[in-house]
Amino acid sequence: MTLPRAVVRGATFLAPLAALFVLWPILIRVFDVNPRVFPDLPAVALAGLETLRDGTLVAHIGASLGRVVVGTVLAILVSVPLGVAMGVSPVVSSLLTPLFRFFSVLAGIAWIPIATLWFGYGFGAITFVIFNAVFFIVAYNTLLGVSTIPMPVRNAAASLGAGRWAMLTEVLLPGALPNIVTGIRTGLGFAWRGLIAAEMIATNVGLGYMLFVARDFYRTEVIVLGMIVIGALWLLIDRLLLAPLERATVERWGMVRAG
Amino acid sequence: MTPLQRAWALYVRATARFPAVRSIVPFVPVVALWAIVAYAGVFPRAFFPAPGDVVRSFGDLIYKGILPEYLEDSVVRLAVGAACGMALGIPLGLAVGLSRRAHAALWPPLLFFAAIGDIAWLPILLIWFGFGLTTMTFVIVYTVLFPVVLNTALGVRSVPTELHRAALSLGASRPRVVWEVVLPGALPNIMTGLRNGLGYGWRALIAAEIIVGTSGIGFLMFDARRAGSVVEIVVGMIVLGALWYVVDGWILAPIERATGQRWGLVTR
């Protein structure tokens, strides 16, 4: 009897994590850890059930994910066309590259103070921070991707009679796609961290806020629950959504750069 | 030749001789635009300071000695954290990469803890260590550690087994194989990991300084926010951006490129 490979791989991946969860309550008992320092597993599970039942956990997760989705989608919609437009001309792209590098370096958390002043505490400021973390990194990577498409490829397409639209959809976008996806993955990595930081500082709903409020009451079980949720969510987003997307685009279109 | 083309040719020649020009000139029109928007009064000056205000405030903060001191605090924290993170991360990464069992047992937890992210640790760290240096150092070490470990392990595993065997059959001992085959082979990946780790660590430091708030550039910015002084926030942002731009573009990226060129061939 053979199990499907995906099941085996999933099981071998989850086994060490399961071992951690078994080890955790044992260690707590053995060293007699104060629950104010680190909570026991049942306490965290109880906190999980309780917040699930009164709906606060779902509300926090929903608020956080909603901000990430709105900020990221807006940023991608604006930055990809902009990046392509800037990357088409070598002159413009060589002028703008340092500029976008500077801002992508600054992206995310460094904008929290000024974002809270401009937009006030709440949805606007946090979405702005996420937008900005994704926007500059994706725009920079798109610019890079378009400007690394070899000139002969573009000339060949043009001499075969490709119009502006065909050039855009058949040469420039596919050629830059591996870079765009890498940019989205990096940008989201920064945005996710920025989100947690921003929620600690500037809102009253969201996972970061849940953690930070729990700290005020020394409710370590809620903090640890939040950390597990944050880790699991990001692992799911990154491994099940972004990494396969990146691999697929690089495999499908990555050749354009090598050629 | 139009004057525009002539200007472009001049610019290209200048950047060929002084590469630094290329990373400064593009900022000129941006600053000019910023000045025009600010002086035209599109936004209230209190919310949108002009470049002149920012320069004046920059000089002021340097003269008072606040900026150099905070900058030093931030950079020292980052350097200490990065050094500790590397000292822990490279051996751990080697172990995870070299042993199949260690890889099977440790890789999933490593991914999970990397996913939790530095900043999510802040609340519980504040309970453990209070508002202080330990908390911030912990956050930075944590942030730098994971990219270094994950990339080192990746690099170690990318060294082809034939090279191990070749070195062993030529009479190299295990430690010597690690030192002369595995480590150089993994070096490009280690550098990439360090660069990523520092990129994350830098941002984590800002967040930690904002929340923990004792000193540092992040604290400077958030303190200014509390006082409603946009000018000082902008000063902080520019200092942060310029500093990281220099560190990343002029130090880390060339090192990464150099190790990639020198040792990157091993992976082929």
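Predicted model: local features only at pLDDT ≥ 70, side-chain atom pairs only at ≥ 80, totals over all residues.

Select chain A and read along its sequence: the pattern is α-α-α-α-α-α-α-α-α-α-α. That comes to eleven helices and zero strands, where helices (H or I, at least four residues) and strands (E, at least two) are DSSP runs numbered from the N terminus.

Residues are numbered from 1 along each chain as its sequence is written, chains are lettered from A and ligands numbered from 1 in the order in which they are written, and side-chain values use heavy atoms, with hydrogens and water left out.

**Stop 1: a charged pair in chain A**

Select Glu199(A) and Arg67(A) next. They form a salt bridge, with the closest N and O atoms 2.6 Å apart; the rule asks for a side-chain nitrogen of Lys or Arg within 4 Å of a carboxyl oxygen of Asp or Glu. This pair links distant parts of the chain, since Glu199(A) sits in helix α8 (residues 164-202) and Arg67(A) in helix α3 (residues 56-88), 132 residues apart. Over all chains, the count comes to twelve salt bridges.

**Stop 2: where the chains meet**

Now colour the side of chain B that touches chain A. Elements giving two or more residues to it include α1 (3-17), α6 (100-116) and α11 (217-226) of chain B. Helix α12(B) gives the most, with twelve residues. By class, this side has 43 nonpolar, five polar and five charged residues, with Ala, Val, Leu, Ile, Met, Phe, Trp, Tyr, Cys and Pro counted as nonpolar, Asp, Glu, Lys and Arg as charged, and the others, Gly among them, as polar.

**Stop 3**

Select Phe102(A), Phe103(A), Val31(B), Trp34(B) and Ile238(B), which lie nearest the centre of the second largest pocket among its 35 lining residues. A pocket is an open set of points on a 1 Å grid over the protein atoms alone, with protein on both sides within 12 Å along at least five of seven lines; a cavity is a set where a 1.4 Å probe fits but cannot get out, and lining residues have an atom within 4 Å of a point.

About 1100 Å³ of space lies in this pocket, a volume being the space filled by probe spheres set on the points, which are joined across faces, edges and corners. The largest share of its lining, nine residues, comes from α12(B). The lining divides into 34 nonpolar, one polar and no charged residues.

**Stop 4**

The structure holds one cavity of 30 Å³ or more, and the largest cavity has a volume of about 50 Å³. To find it, select its lining: Val105(A), Leu106(A), Ala107(A), Ala110(A), Trp202(B), Arg203(B), Ile206(B) and Leu240(B). The largest share, three residues, comes from α10(B).
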